[in-house]
Amino acid sequence: MLKGFKNFLMRGDVVVVAVGLIIALAFSTLIKAFTDSIINPIITRAQGGHSTALGWQLGAPGNSATYVDVGAFISALIYFLIFMAVVYFLIVVPYRIVQRHRGITVFGDPVPAKTCPACLSDDIPEGASKCRYCGTAQPPAPGRTVA
C-alpha cells in the first residue's frame, strides 16, 4: 500500500503540480504585499478627506460591520488579475513551451465538436460517426462526404 502511494506521489505530473502550487503560493504572498502596501493606499486616497477606506458607512459611524468597503473589493480584484497574469506568464507559458518541445499539446484550442441530435450531448468530435453516449449514428460533418 505504501509503495503504491509513493509511486503516485512520485509521478511526474503530481510533482509538477506540487512545484507549481508552491511557486503560485510564493507569488501570492508577494502580490498580496504589493496590493496591501501600494494599491490599497492609492484606492483609499481616492475617497479623499480623512476617510480610512473607499466606501460608505451604512450604520453608526465607526461600526465596521455596517461599512461597505468598495476599496477592499477593488483591491481584491486587482490582486486576482495580477496573480493570474503572473501564474500564466511565469508558469503556464513556460510549461506549454517545454511540453511542445516534448511533442505534447497542453492548454490548446478545443477540438471542434458537434451536438448529438438524439441525446443533445455537445462534446461529440466533428468526425465522429456515432455518439459516445447514446450510440446514435451521427450525420457527417459539413464538407465531408460519406464513402
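**Note on the predicted model**

1. Gln99 is a buried residue, at 6% relative accessible area. Buried here means under 20% relative accessible area, exposed means over 50%, and partly exposed lies in between, with a 1.4 Å probe and protein chains only. Gln99 belongs to helix 3. Beyond its neighbours within four places in sequence, Gln99 is in contact with Ile104 and Val106. Contact means heavy atoms within 4.5 Å.

2. On the basis of the model: it is predicted, local features need pLDDT of at least 70, side-chain atom pairs count only at pLDDT 80 or more, and totals for chains, interfaces and linings use all residues. Residues are numbered from 1 along each chain as its sequence is written, and side-chain values use heavy atoms, with hydrogens and water left out.

3. Overall layout. The protein chain has 3 helices and 4 strands. Their order from the N terminus is α-α-β-β-α-β-β. Helices (H or I, at least four residues) and strands (E, at least two) are DSSP runs, numbered from the N terminus. Of the 147 residues in the protein chain, 18% count as buried. Take the contacts in the protein chain between residues at least 6 apart in sequence: 23% of them join residues at least 24 apart.

4. The largest nonpolar core. This core has 5 residues in all: Ala24, Ile31, Phe83, Val86 and Val87. A nonpolar core is a set of buried Ala, Val, Leu, Ile, Met, Phe, Trp, Tyr and Cys residues joined through side-chain atoms within 4.5 Å. Helix 2 and helix 3 are the elements that give two or more residues to this core. Helix 3 gives the largest share, 3 residues. As background, nonpolar side chains tend to be buried together in soluble globular proteins.

5. The largest pocket. Its volume is about 210 Å³. The search runs on a 1 Å grid over the protein atoms alone; a pocket is an open set of points where a 1.4 Å probe fits, with protein on both sides within 12 Å along at least five of seven lines, and lining residues have an atom within 4 Å of a point. Grid points are joined across faces, edges and corners, and the volume is the space filled by probe spheres set on the points. The lining consists of Val16, Val19, Gly20, Ile23, Val87, Leu90, Ile91, Val92, Tyr95 and Phe107. Helix 2 (12-47) and helix 3 (70-101) each supply at least two lining residues. Helix 3 provides the largest share, 5 residues. By class, the lining has 9 nonpolar, 1 polar and no charged residues. For these classes, Ala, Val, Leu, Ile, Met, Phe, Trp, Tyr, Cys and Pro count as nonpolar, Asp, Glu, Lys and Arg as charged, and the others, Gly among them, as polar.

6. Aromatic pairs. The structure holds 2 of them. Tyr79 and Phe83 have ring centres 6.0 Å apart and planes at 10°, so they count as stacked. Rings of Phe, Tyr and Trp (its six-membered ring) pair if their centres lie within 6.5 Å; planes under 30 degrees apart count as stacked, over 60 as edge-to-face and the rest as tilted. Tyr79 and Phe83 both sit in helix 3, 4 residues apart, about one turn of the helix. Phe83 counts as buried because its relative accessibility is 15%. Tyr88 and Phe89 form an edge-to-face pair, 5.0 Å centre to centre with 85° between the planes. Tyr88 is partly exposed at 35% relative accessibility, and Phe89 is exposed at 53%.

7. Ser75 lies in helix 3. Its relative accessible area is 6%, so Ser75 is buried. Residues up to four places away in sequence aside, Ser75 touches Thr35, Asn40 and Ile43.

8. The loop between strand 3 and strand 4. Is Leu120 buried or exposed? Leu120 is exposed, at 62% relative accessibility. Leu120 sits in the loop between strand 3 (113-114) and strand 4 (124-125). Its phi is positive, about 65°, although Leu120 is not a glycine. Ser121 is found in the loop between strand 3 and strand 4. Ser121 is buried, with a relative accessible area of 14%. Neighbours within four places in sequence aside, Ser121 is in contact with Lys114, Thr115, Cys116 and Tyr133.
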